[in-house]
Amino acid sequence: MFNKTKRVISWILALTILLGLSVWLSACGSDPGPEPSSQTEKEGTDPETQDEKGSETEMQTDTETETRKPVETDRETETSAPLTPLEDMVWGIETHGEVTEKETVKDGTLYLPLNAHGSAYYSQYNPAGTPIDVQPTVTKGMYGKCFGYEEVALRNGWFFRCGSPSGAFHVALTTDSVVTFWIYISDKSSLVQAEFELGSTSSIDKDEKEWGFKDQIKANGWNQITLNFKSGTGQLNLDSVCRWRLFYLSNATSGSVTLAVDDILITHATDLGEDDLLAATQPARLVVSPYDSSNVHVADLVLTEAPYSADKTGASDVTSALKKALKDCAAAGGGTVYLPKGRYKLTSKVTVPPNVCLLGDFRTLEDGSGDGDFGTVLDFATLDVSLLLGTSSGVEGVTIYHSAQKANDLTSANATFFPSGGSYIRQVNLVNSYDALVLETAHGNLTVDGLYGTVLRRGLVIGFAAEINVFENVSFSPRYWHLFDSAVSESAIRSYMASKSLYGIQLWGVEGTMLTHVELDGFRTGLYTSATKRDDGAEVYAQAYDLTVKNAEYGIDADALYVDMGLEVACSSISGSAASVRNSTKQVIKLFECTLDGPQVTSTAGTIKQTSRKEEFRLPATDSVFPFLKAPLKLFNAYTEYQANRTGKVDASAAIQAALDAAKAAGGGYVYIPGGEYRLDKPLHVGANTVLLGANGACSFDSGGTGTTFLVTMGIGGNLDSEAAVTLEGENSAIRSIRFLHTENGIRGTNDYTYDPCAPMVALKAAHTEAVLLNFYATTNGILIDAAQDVRLYRVFGGFYETGIVIRNSSGIRLDGVLANLAGQVSSSYRPYQKYTSADSQTMQELARLNLTLLVLKDSTGVDITNTFSYKPHLFLNMTKSEAACLNIYGSRMGEDSYLVRQTEGSFCALNVYVKFSALIKAQRSGNGTSVTYHINNLKGQGMTVSDNNRDYTLG
């Protein structure tokens, strides 16, 4: 809160500015208006918010009595004078219109003044329901210091939205809470609907946070809108989640309207204080699969227990209970909502929030067909039920059955999954989906590992995505529905799909999708690449290994492929009655060791190139088994039992280490770190048979929500041999589902590539260890694997300054799904925690290109690298006296002075390799003449170069 002196100075400055503006306006005789906004954001619509609304709130208005005096004129009668802001209730008016410190609840009241960082969005209103983004005729941006101001031409009808103030505010609401704000509108004659949305990422249900107020406002005046929160309690996280939405008639063809919104006032609220996350409604506990005793998870909430008490017989609708549990889990910081085996009836769309995993007990349809036990079954009882996945959210271990879909009367239905970038789907059965999964608006980072079922029309539809989507162990076939219900005829489903289905996989505008162990059975077309819808014109390029397409008209049908990149397919079986492969593009489809059944068809310029293995070389292991602890052990909750501070403001390392030590003394266990931010001033050590586990449902570059984050302060000035922030030093230990951010390390500014030497974030120094679902930001060195055997890294994302992963003196190392892009650090919601924050994306990218080596191998053997990507590294892989086998790897835009691989001694094999703008491999013997072995098959590149120094190879 500003002191009294600052407040007086602010008022004097404000009055001086306003008087000067008034004199200038009198001289000019016109409204100068605000400066055009330089940053206009557009925001998509959450599919769940398109459901029919039902409000449990009361609405009041007070337009006759202003609680705040206008600065210049009476808003009740103003018609032509320029609109001026209301007085700021808390801070006074500041010179630059920015709030310099966050306001907290005082005496039960929270003030949120809008400032110049508010956002405005426009969409052309589509009567069918989906707004289409367009630009308004006139955009005046955010006006003044306190409120949003826009003049909008009413052409084709406008959908107007204004975003919330900058900064996050965490409060708890009760049944006595009241929300008040102010709105100005110059003309409401074409106004169809007016709404206020509160806290879209909070635990408050939609019906409890959206209010309509069209009939309560009048034109040409400031309207005070008062909304009473009436339904239960909940957490409110006001961080870009308050929106005013105004709908205009689609037939409005002329005129304009001035719209303005001003400060939010919340009364009878409770400050959540230092720990602003809600407490979980149940204690976290270990749950063990009834079908596999080694399959152990931590469950934060169990849906069948109080307060949710969901029916698992399938007789009653559990949609509301599941939505509440998922939102409660998110409000507590993320984690897992567990549904024990049984049948759960759902009747509307369900959103899985960021950093939350929906978990069931998984059983294959083949195993369940014997006794009718299919584990956790989600019964989609209406045709519009879907699972909507937020970033870094997951669904694992469930069987999804559309009971509303009848085998003798098949009809269209919503897609089963609408994921976001960074979503995670693992071990899921789809009994009878219409469309399995549609992702067409996200940046990428989607992982599907284990998806099996009958899909009637489209399997995976992936568009407008980059940063690598990975699909492993996917099988779509008409046989699965019959396994679930023997009364359903497999031949009848095959007949339907032969005439009505479209594609097993459809890709458009997708960069670098990676497919491993995929079966597409019974679709008219197996893999289809269609023309892009992207503004930048980017087309598809993808890598496939062990792809089986059968009972299709077209096995692979390419209508569009990225220039000079094309499509890579290896060790696959492709059949099609019309064509096994059809290439209608000017690019190449490369087939290595593939069996084709059916003709090959090309356009005039297209190419289908088949090659076979000329020399034997070792293929990498491609299983995705989690080989972990063989028996359930005790859970040690670092937050509830050992009082680890999760605000990020106090060192939590001693408390977490105490939990780890207790697990070690007990012979092992799961040390659980619930959602929150944990500052690490000292290193952590993980003993044998111990899992250090966070609450993140998945991992992506920027997840939103909370999840578990380690804010690391230690290690500055160190190197790879310095003590890591977390060291796995005991056999059978693991670290999972945690995000790392080094708060003290960062790039100083634009075009300044200075960073600090620093210790690694994670070190694995024992046999049978693994790191799963990890994120890294602002780290000089990511992961060190040292003198270890049988180690697995799975889905590791990072922004690294110097090295991503270093493997030395080790053997039997498996890397699956590693992704590095330093530019991702710029957009991270955790960037404000860094000591240095001013560098832009281009600086980050150039730093990586000059300095980053993603993978370093020294004196190591049996290293398998699959589905791995890096954007603009200096080196993708640097090998010394080591042996590695790679599948589906991609180094992008590295630079002519860079190499995908630099190899000294040892053996390097690679299958399905993409390279953009760099040399391929620099292989050199050491001084004693030790041989270098290399095999590269199915290589495709754009702008590849070859250096003349030493021995360089570009292989076809």
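**Exercise 1. Which backbone nitrogen does the side chain of Gln657 reach, and at what distance?**

*Solution.* The model is a predicted one, in which local features need pLDDT of at least 70, side-chain atom pairs count only at pLDDT 80 or more, and totals for chains, interfaces and linings use all residues. Residues are numbered from 1 along each chain as its sequence is written, and side-chain values use heavy atoms, with hydrogens and water left out.

Step 1. Locate the residue: Gln657 is in helix H6. Helices (H or I, at least four residues) and strands (E, at least two) are DSSP runs, numbered from the N terminus.

Step 2. Determine its burial. Gln657 counts as buried because its relative accessibility is 14%; buried means under 20% relative accessible area, exposed over 50%, and partly exposed in between (1.4 Å probe, protein chains only).

Step 3. List its contacts, a contact being heavy atoms within 4.5 Å. Apart from neighbours within four places in sequence, Gln657 touches Pro683, Leu684 and His685.

Step 4. Conclude: the side chain of Gln657 reaches the backbone nitrogen of His685, at 2.8 Å.

**Exercise 2. Identify the buried side of H5 and what covers it.**

*Solution.* Step 1. Helix H5 (residues 490-500) has Ile493, Tyr496 and Met497 buried. These residues cover an arc of only 95 degrees around the axis, and therefore lie on the same side of H5. The arc is taken from the directions from the helix axis to the C-beta atoms.

Step 1. On the face turned away from that side, H5 carries the exposed residues Ser491 and Ala498.

Step 2. The cover over the buried residues of H5 includes S27, strand S28 (447-465), helix H4 (479-484) and strand S30 (503-521).

**Exercise 3. Describe the surroundings of Asn429.**

*Solution.* Step 1. Asn429 belongs to strand S27 (residues 424-439), and it counts as buried because its relative accessibility is 1%.

Step 1. Thr399 is 30 residues away along the chain, yet its C-alpha atom is separated from that of Asn429 by 4.4 Å.

Step 2. Beyond neighbours within four places in sequence, the contacts of Asn429 include Phe362, Arg363, Val398, Thr399 and Tyr452.

**Exercise 4. Which strands are joined to S34, and in which direction do they run?**

*Solution.* Step 1. Two strands pair if DSSP finds at least two bridges between them. Strand S32 (residues 541-550) is joined to S34 by four bridges, and the two run parallel. Tyr545 stands opposite Ala570 in S34.

Step 1. Four bridges also join S34 to strand S37 (residues 588-592), again in parallel. There, Glu568 has Lys590 in S37 as its bridge partner.

Step 2. In S34 (residues 567-570), Leu567 and Val569 point one way and Glu568 and Ala570 the other, and all are buried.

**Exercise 5. How many residues has the largest nonpolar core, and which element gives its largest share?**

*Solution.* Step 1. A nonpolar core is a set of buried Ala, Val, Leu, Ile, Met, Phe, Trp, Tyr and Cys residues joined through side-chain atoms within 4.5 Å.

Step 1. The largest has 85 residues; Phe417 and Leu437 are among those with the most contacts inside it. Its largest share, eight residues, comes from S27. Apart from it lies another core, of 82 residues, including Ala652 and Leu684.

Note on methods
A polar contact is a pair of N or O atoms within 3.5 Å; within protein, one must be able to donate a hydrogen and the other to accept it, and residues adjacent in sequence count only if both atoms are side-chain atoms.
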